[in-house]
Amino acid sequence: MAQVLEKILKEYQVRDFSKDWIKNSAIDDNTIKATYRILKRIGLKDSRIASYAYLLGMNPDTIEINYQRLLDLGLNDNKIVTYAHLLGRDPDVIEINYQRLLSLGLNDSKIASHSQLLGMNPDTIERNYQRLSNLGLSDNKIATHAHLLCRDSNVIERNYQRLLNLGLSDNKIATQAHLLGRDPDTIEKTYQNHIGLLKTNYQDCCFGKKILLQQAQLLGISPETFEANIQWLAERNFDYCNGILLGTKPQTKRKKLAWMLRELFDYRKVSEYQRKETIRSMYNFVRGNPYLILKSIKALEKVKYKLRKEVEFYEKLPLRVV
């Protein structure tokens, strides 16, 4: 056995765990070679096979059955190579997990994109499902955030308790279910960072907490992006009391403002000495209609002519200097 491994994986180190597994499986050299050929046919390179060398100690028929079943579920060879450990799972486990995920509303495409779930202990999937369901997440919501079924149930519980302590209701937590799968320490650091930035940039000391309770999705934004958003809005005198404007990146906002200048204010056609005034008018218009920043450019395109009429009416009003 050792000689065969050294021969086919001579350039790579095989972990003792895999060596012991193969040794205890009591298979012969020909079986090892047959399994090796299957793995190579699937697309695993020797370096990958060395990482999952215990697969060489399995029955080639099991490897082949799992491979064909994973193909049937929509996984391509690249995906199977990425999750090579699935080839060594009990085919019954893969089938049980597949049927359970299907019953939750995941289609084959969704299951393929979360293929790591197929190799998990079915009890773990069921335990996480029950916990998420108890928190108020519907099956559709759980299917949307299927990655939560992979998470350590202790992490989910810690995040739930932390979000609850922050003042979020069960309904709000269920709405922002993606937060349950984050690193608990990251949520805590993000919360403290956001609170600090909002406290610095706003007179009301409770403002930060109010915003984060109303817009809990902001806890999923990195401190760097959040700070950049605050600076961008503050420099342009935008009011972010409702917190909604803090949820999109500055570069995204800039693209929408550029579109508005071009499509609503005919910036390309105005004379050079009118450009500053046009830009100022555009900013004033958006400050009065902040919801526009939240819309995609595609959505803005659909109502462009309506917005142009609003701009025409707006430009007749006295210009506010900000």
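A nonpolar core is a set of buried Ala, Val, Leu, Ile, Met, Phe, Trp, Tyr and Cys residues joined through side-chain atoms within 4.5 Å. The model used in these exercises is predicted.

**Exercise 1.** Find which residues touch the most other members of the largest nonpolar core, and list what Met260 is in contact with beyond its neighbours within four places in sequence.

Solution.
Step 1. The largest nonpolar core has 94 residues. Leu56, Leu87, Leu118, Leu163, Leu180 and Met260 touch the most other members.
Step 2. With neighbours within four places in sequence left aside, Met260 is in contact with Phe265, Met282, Val286, Leu292 and Leu300.

**Exercise 2.** Describe helix H16 by its span and its buried residues.

Solution.
Step 1. H16 covers residues 250-263, 14 residues in total. From first C-alpha to last it reaches 20 Å, close to the 20 Å expected at 1.5 Å a residue.
Step 2. Its buried residues are Pro250, Lys253, Lys256, Leu257, Trp259, Met260, Leu261 and Glu263.
Step 3. Glu263 is also linked with Arg262 and Lys304 in a network of salt bridges.

**Exercise 3.** State how many salt bridges the structure holds, and work out which helices the pair Arg41 and Glu64 ties together.

Solution.
Step 1. There are eleven salt bridges in the structure.
Step 2. In one of them, Arg41 pairs with Glu64, and the closest N and O atoms are 2.9 Å apart.
Step 3. Arg41 lies in helix H3 (residues 29-42) and Glu64 in helix H5 (residues 60-72), so the pair ties together parts that are 23 residues apart in sequence.
Step 4. Glu64 has 23% relative accessibility and counts as partly exposed.

How values were computed
Residues are numbered from 1 along each chain as its sequence is written. This is a predicted model: local features need pLDDT of at least 70, side-chain atom pairs count only at pLDDT 80 or more; totals for chains, interfaces and linings use all residues. Side-chain values use heavy atoms; hydrogens and water are left out. Buried means under 20% relative accessible area, exposed over 50%, partly exposed in between (1.4 Å probe, protein chains only). Contact means heavy atoms within 4.5 Å. Helices (H or I, at least four residues) and strands (E, at least two) are DSSP runs, numbered from the N terminus. The expected span of a helix is 1.5 Å times one less than its number of residues. A salt bridge is a side-chain nitrogen of Lys or Arg within 4 Å of a carboxyl oxygen of Asp or Glu.
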